[in-house]
Amino acid sequence: MGSGKNQKSSERPIRILLAKPAIDGHDRGIYVLARAFRDAGMEVIYPGLLPTPEEIINIAIDEDVDVIAISLLNGSHMTIFKKVMELLKKRHAEGDIAVVGGGTIPEADRPKLEKIGVTGNYGPGTPMNEIISHIRKRAEEARANKW
Amino acid sequence: MGVEASRLSEGLKAGDRGSIARCITMAEDDPKAFSKVIKGLYDPKKIPHVIGITGPPGCGKSTLISQLAPIIAASGHKLAIIAIDASSPFSGGAFLGNRIRMEDTLSSSSIFMRSIATRGAKGGLTASVMNALITLSCAGFDLVIVESVGSGQADFDILNISSTILLVLAPGLGDEIQAMKAGTMEIADIFVINKSELPGADQAKRSIMAYLSSQQGKNTKKVTTTSCVSKHGIKELADLTLEHENGVDTAAFISKAFGTEVDRIAKELMSKSIDKLTQGNAASIAKMLDEGVDPYSAALELLQKLEK
């Protein structure tokens, strides 16, 4: 891994997949995030509502994203986020693609999600800058792992 | 890195999606390493043909592609889709939303799809698409649908590397058709009036046919109507597209596509050296304008200084 290469890849915009897996149609928040990420200079890929965890991983790999941002407001985050992580591992992409979570996530669940590799886990009202800088940090880590 | 390159080569050859996706990124990040990966796999004769699909925003390009792609793939082609969306000139970010309309098709088939942002830079888009085409060729793809942003220079550049060009329009876009006349209308091979379930579709078709018949020379362009709601005309459009594709001279297509691209890269490099050569001009320009020299004579004098 040469230093020149790293410098070059950091010039490229962060590619991020925004997804609301499973049965959850609350898409207002995800549009707000999509706009904020775009305005922060990221390339935001949004595949529409109701993708399955399998579809999320397929898209993330085809699009070679740096970060998957998943959000759930329906309480099924422990099941679904876990499934996403399992599939990511199965495809050997867990180091190359960072997974960041959000939604209505009880305080008690956050450490459990962190443990399986889903970081952030921001709730409603989190300042946008906090989310964006966390994503930048995770994207950088993922890129460093890539090559 | 050495191990990585050979692993990626193997992956490309086997058509592994992760390797294809990673190589497209690699071509942008690290062309040197990328050239190692494709060594032995790259064959200029196997560059996939490109079906360029363009048209004004909201005319249904993505939806149309989602219905067209499976039919084309079923006819025996190894097909991929590249969808382009505009980057913000302010933030450099982009919202890549073409998958919203295509996800059903993509998840039920093995068609590879990649979203590409225009990234502002002039000509940079064609470079990204070229990188993807070369990668896909190494993985055995022979046909790629490229969905374009619908207007401007970037759009035109993409159409320049297409073997078949579809211009998608919708009823009620009278003014857009006017705007399209300069450029896209001339180079489109097939005109598609989409959303034919809406009133005005026949009128739009007639106005295009009238436009085409007013052009000089033999008219080989096709005009057709489609509806993604009723699926009317989709199969016919796929047939027309494949028919045109079959008539494409591969050698001519490749030399045109690559010729355009090499020319563009060369010009970009030249413009960089021109920038370098003219770095000190600002001072002499200010001086000449101060002295009351007219702009034309001033520019001429700068040119003469450069040629010396």
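Q: Against which elements of chain B do the buried residues of α11(B) pack?
A: This is a predicted model. In α11(B), the buried residues are B:L237, B:A238, B:T241 and B:E245. They pack against one helix and several strands of chain B: α4 (61-74), β1 (49-54), β6 (164-169), β7 (190-193) and β8 (222-225).

Q: Why are the buried residues B:L237, B:A238, B:T241 and B:E245 on the same side of α11(B)?
A: An α-helix has 3.6 residues a turn, so positions three or four apart point the same way. In α11(B), B:L237, B:A238, B:T241 and B:E245 are buried. They share one side of α11(B) because the arc they cover around the axis is only 100 degrees.

Q: Which exposed residues does the face of α11(B) turned away from its buried side carry?
A: The buried side includes B:L237 and B:T241. The face turned away from it carries the exposed residues B:E243 and B:N246.

Q: What distance separates the end C-alpha atoms of helix α11 of chain B?
A: The helix runs over residues 234-246, which is 13 residues.

Q: Which are the edge strands of the open sheet in chain B?
A: Seven strands pair in parallel, in the order β4-β2-β5-β1-β6-β7-β8. An edge strand pairs on one side only. That holds for β4 (112-117) and β8 of chain B.

Terms used:
Residues numbered from 1 in each chain as written. Chains lettered and ligands numbered in written order. Predicted model: local features only at pLDDT ≥ 70, side-chain atom pairs only at ≥ 80, totals over all residues. Helix = DSSP H or I, 4+ residues; strand = E, 2+ residues; numbered from the N terminus. Expected span 1.5 Å × (residues − 1). Buried ≥ 20, exposed ≤ 12 C-beta atoms within 10 Å, placed from the backbone. Arc of directions from axis to C-beta. Contact = placed C-beta atoms within 7 Å. Pairing = 2+ DSSP bridges.
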